[in-house]
Amino acid sequence: MAWAPAGRLAVVTREGCHLCVVALETVRRVAAEHDLDVEVVDVDRDPELLARYSEEVPVTFVDGAQHDYWRVDETRLRSALERS
């Protein structure tokens, strides 16, 4: 069965990924403003995720849809959360 984000915000990451650290800081900061939890998933623990997103981590999802990869634009993330 395919993985699907459980909540409004999810980030597919990888251990040792410096872009993931920065993306998570941004996503968690914006999530706190909206009183939201962030689901964090390790791409290397799921063969399906690894095949799909290995070269794009971190990958950010908003309301189940892919929002960004590699970097998170804080303004764009806020706008996406406010629209939905």
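Helices (H or I, at least four residues) and strands (E, at least two) are DSSP runs, numbered from the N terminus. This is a predicted model, in which local features need pLDDT of at least 70, side-chain atom pairs count only at pLDDT 80 or more, and totals for chains, interfaces and linings use all residues. Residues are numbered from 1 along each chain as its sequence is written, and side-chain values use heavy atoms, with hydrogens and water left out.

I begin with helix H1, which covers residues 18–33. Buried here means under 20% relative accessible area, exposed over 50%, and partly exposed in between, with a 1.4 Å probe and protein chains only. The buried residues of H1 include Leu19, Cys20, Leu24, Val27 and Val30. They fall within an arc of 170° seen down the helix axis, so they line one face of H1; the arc is that of the directions from the helix axis to the C-beta atoms. On the other side, His18 and Ala32 are exposed.

H1 is followed by aspartate 35, whose phi is positive, near 55°. This residue lies in the loop between H1 and S2 and is exposed, at a relative accessible area of 72%. Tryptophan 70, in the loop between strand S4 (65–69) and H3, also has a positive phi, near 70°. Tryptophan 70 is partly exposed, at 41%.

Finally, the peptide bond from valine 57 to proline 58 is cis, with omega near -5°. Proline 58 sits in the loop between helix H2 (47–53) and S3. For context, most residues other than glycine have a negative phi, and most peptide bonds are trans.

How values were computed. The expected span of a helix is 1.5 Å times one less than its number of residues.
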